[in-house]
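The sequence and model come first.

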Amino acid sequence: MSNKVHAGAGPWLAVISVAFWGMLPVVSKGLLDVVDAYTLNFYRFVVATILLSFYLYLKGQPAVLVRLQPRQYLLLIAAVIGLLVNHLMFMDALNYIPAGASQMIIQLGPIALLLLSVFFLREPFTLPQWLGVLTFSAGLLLFFNDRLPEIFSASSEYAFGILYMTVAALIWIFYGMGQKLLTGKVVPVFLLLCCYSVGVLVLLPVADVKAILSFNPIQLWLLAGSCFTSLLAYICFGESLVRWEASKSSALLAFIPLVALCYENIFALILPQYVTAEQLNWISFVGAALVVGGCLAVTRKNSKTAK
């Protein structure tokens, strides 16, 4: 009975992780008018370091499962630096583009990781998955349809933000590939803890630590959301993998862009002084649906391979 209860929690944990990840850019962008990206990340990293340390302690699980070779230490360092830079660039890029658009672009990271795994790790990639890549690419073009001339001419802050977020997404590959190659050797949560603790030390000299003292109650709630959403999303998603099929948990992540768009519009209605929703035409919504459909196709494993 207990096992069934735990198994039944898997889908809900995956859904919760998607809800949290979709909320992160929305609540974070609501703060970037009163605090810079480095200070916001500093607060996030401090909270994450404390809670992840406590989480690992409660799990009673060794952080490093086997003795690492020198090459694997380099992978660990590359993964930590990749995730840290990704976090810093992601938050800074939100100064230039809306939260919903950011989650469309950031999906490039996992898809690029899968493609690299095909070429360098010789992992299988089916025809439906290749069609998924094309669908995802077409979806991005349609989502930004009315901004394409502006983006390709690189003539605005919005265009810079798109490029900035694209680089952030691609840098995430260092973390994704490192985690993939260290599977079974290093606990994934330990990689996060390393990233956040190093981030605290790196950002301490440049962060305006006292900025929080001038926050009003709404800004404090937004800060709490920014600090807890991604951390709880990682934890919930990791726990869902233990209780549910990994392919199904991963497939749900494709819906993060749509969830982010929903949050952006809801928060724009509730807190218009902090969050502004991007005005999208019907072609953009079709593009968003194609982005999600493409991600689903790419992350879905061939049934023969799964067996």
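## An aromatic pair

Phenylalanine 160 is partly exposed, at a relative accessible area of 41%; buried means under 20%, exposed over 50% and partly exposed in between, with a 1.4 Å probe and protein chains only. The model is predicted: local features need pLDDT of at least 70, side-chain atom pairs count only at pLDDT 80 or more, and totals for chains, interfaces and linings use all residues. Residues are numbered from 1 along each chain as its sequence is written, and side-chain values use heavy atoms, with hydrogens and water left out.

The structure holds 13 aromatic pairs. Rings of Phe, Tyr and Trp (its six-membered ring) pair if their centres lie within 6.5 Å; planes under 30 degrees apart count as stacked, over 60 as edge-to-face and the rest as tilted. The ring centres of tyrosine 96 and phenylalanine 160 are 5.0 Å apart and their planes stand at 85 degrees, so this pair is edge-to-face. Tyrosine 96 sits in the loop between helix H3 (70–93) and helix H4 (99–106), and phenylalanine 160 in helix H8 (residues 157–181), so the pair ties together parts 64 residues apart in sequence. Tyrosine 96 is also partly exposed, at 27% relative accessibility.

Elsewhere, ring pairs link Trp21, Tyr234 and Phe237 into a cluster.

## Alanine 138

Helix H6 (residues 127–143) contains alanine 138. This alanine 138 has a relative accessible area of 33% and counts as partly exposed.

## Fold and dimensions

The protein chain has 14 helices and zero strands; helices (H or I, at least four residues) and strands (E, at least two) are DSSP runs, numbered from the N terminus. The radius of gyration of the protein chain is 19 Å, close to the 19 Å that the globule rule gives for 307 residues, so the chain is as compact as a globular protein of that length. That radius is taken over C-alpha atoms, and the rule is 2.2 Å times the number of residues to the power 0.38. Along the principal axes, the C-alpha atoms fill a box of roughly 50 × 50 × 45 Å.

## Burial and contacts

Of the 307 residues, 49% count as buried. Among contacts (heavy atoms within 4.5 Å) with a separation of 6 or more, 87% join residues 24 or more positions apart.
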